[in-house]
Amino acid sequence: MTTTPGLLTRINQAAGGLAADLALYTLSAIFALVTALTSTLLPHRAWGAIAAVGYLVAALVVAVQLVLRKPVRRATLTWATWAAVTLLPLVVQAVQRAAGRTDRAQEEVLVVEHMGESLLHTGTPYLSRPEIAGIALDERLLGYRPYQPGMALFGLPRAIAGDHWWTDSRVWFALATVGALVVAVTVLLRVRGTDFSLVRALQAATVLPVTSLTLATGGDDIPVLALCLLALALFAAGRHTASGLAVGAAAACKLLAFPVVAVLLVLAVATGHWRRFLPGALGLPLLALLPPLLVNADALIENVLRFPLGHGLVTSPAQSPFPGHLIAQFLPGGRYLAAGLLVAAAAVIGLLLLRRPPRDAGTAALFCGYGLLAAILLMPTTRFGYLLYPAAFLVWAYALRNHTASSAPRHDTALYRQ
């Protein structure tokens, strides 16, 4: 894997990493304040009002450390900031929602909880097309559940125990995220100890505003991302069975994890570990699909395939103005042209994977980051928030770069030299 450019390294390590931290927290505070004052989404405004203070306090702490020139535990500050800018506004919104506020959660929170309720009572988290058609037109969008069946597990607490702040699906998203990231960081620390890049990777997965905002107000993407990052860390540490289980759990929740499964599978084949990696990586998603297929296969297809592809009874609200969406909307035959560009990009990335397969987790993270970035930009229907995936993968690739074949099994080392 190529070395990181010297300029990036110098910026990352300036003043012991504190200079970049100060910039991160200051810009994040400005972003949160602007969100609180200008966002048209009420959950976002509520997040920004609390997060702006948390980011500002973190920036002041870093500034004091720079002036006093005393060492600081940057990872500890990262976790503390995450608690202030993500967990605190999340819990506040969950409590207010349980007390009756209807403007304290994005629609995906309701969708996931509806999935849990349907799973509990019918054996499948999905409604059929006729059932969705029977919902009032202004509420029909909430009848669609465009996630993999595993996502319904986060909605089960509310379905079982009722409307409490702790049954809010975001609380369970946060718990899964904390668990995955703590294990990932612990694994990497044991492999090669701490460094600047590992703290920066942790920041990308926790306190980066797009990540914090997403978890506090909606959240379903964050545990999926955390499980994918955990899978990369476990593979870097040589724990290939566990890596397969982690990315398989992510893919059982959301389709966006399947490109990560594909990249890691190529890595597993290239390094001779596919027999340990494959059962969890493909077995868990297939196992999750089995009950909905047996109960109502057409409902599964309607929600997971037809609706995201634009063939549902209503249109997806994911309409961020990226190139794919603009092409689909404003050019003749634009939907087909955008689909063709997306297929072409996937073909190019697939060819690169086959011709120059990744040999380590850092390179695999680069493939995941750039591949998902291309897909998000070219998909006709997408969200701005999805950019958190490539952003996190690319930063984690930087953190994983120091894990070399010396810590991998000997037969892998030979592959590195080929």
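1. Let me start with helix 16 (residues 334-355): its 22 residues reach 31 Å from the first C-alpha to the last, close to the 32 Å expected at 1.5 Å a residue. The expected span here is 1.5 Å times one less than the number of residues. Helices (H or I, at least four residues) and strands (E, at least two) are DSSP runs, numbered from the N terminus.

2. A word on the source: this is a predicted model, in which local features need pLDDT of at least 70 and side-chain atom pairs count only at pLDDT 80 or more, while totals for chains, interfaces and linings use all residues. Residues are numbered from 1 along each chain as its sequence is written, and side-chain values use heavy atoms, with hydrogens and water left out.

3. Back to helix 16, where Gly-334, Ala-338, Ala-345 and Leu-353 are buried. Seen down the axis of helix 16, its buried residues fall within an arc of 95°, so they line one face of the helix. That arc is taken over the directions from the helix axis to the C-beta atoms. Tyr-336, Val-343, Leu-354 and Arg-355 are exposed, on the face of helix 16 turned away from its buried side. Buried means under 20% relative accessible area, exposed over 50%, and partly exposed in between (1.4 Å probe, protein chains only).

4. Now the whole chain, which has 19 helices and zero strands. A compact globule of 418 residues would have a radius of gyration near 22 Å, and the protein chain agrees with its 22 Å. This radius is taken over C-alpha atoms, and the globule rule is 2.2 Å times the number of residues to the power 0.38. Along its principal axes, the C-alpha trace spans about 60 × 50 × 45 Å.

5. Of the contacts with a separation of 6 or more, 76% come from residues 24 or more positions apart. Contact means heavy atoms within 4.5 Å.

6. Where does Thr-78 sit? Thr-78 is placed in helix 4 (residues 74-98), and it counts as buried at 0% relative accessibility. Leaving out residues up to four places away in sequence, Thr-78 touches Tyr-25, Val-199, Leu-202, Gln-203, Thr-206 and Val-207.

7. The structure holds six aromatic pairs. Among them, Phe-31 and Trp-47 form an edge-to-face pair, 6.2 Å centre to centre with 65° between the planes. Phe-31 lies in helix 2 (residues 18-38) and Trp-47 in helix 3 (residues 42-68), so the pair ties together parts that are 16 residues apart in sequence. Phe-31 is partly exposed at 36% relative accessibility, whereas Trp-47 is buried at 0%. Rings of Phe, Tyr and Trp (its six-membered ring) pair if their centres lie within 6.5 Å; planes under 30 degrees apart count as stacked, over 60 as edge-to-face and the rest as tilted.

8. Phe-154 and Phe-173 form a tilted aromatic pair, 4.9 Å centre to centre and with 55° between the planes. This pair links distant parts of the chain, 19 residues apart: Phe-154 is in the loop between helix 6 (129-133) and helix 7 (156-161), and Phe-173 is in helix 8 (residues 169-192). Phe-154 counts as buried at 14% relative accessibility, and Phe-173 is buried at 0%. Elsewhere, ring pairs link Phe-31, Trp-47 and Tyr-55 into a cluster.

9. Ala-236 is found in helix 11 (residues 221-236) and counts as buried at 2% relative accessibility. The C-alpha atoms of Ala-236 and Leu-400 are separated by 7.4 Å, although these residues are 164 apart along the chain.

10. Helix 5 (residues 107-122) is worth a look too: its 16 residues should span 22 Å at 1.5 Å a residue, and the end C-alpha atoms agree at 22 Å apart. Its buried residues include Glu-108, Glu-113 and Ser-118, along with Val-109 and Met-115. Just after helix 5, Gly-123 takes a positive phi of about 90°.
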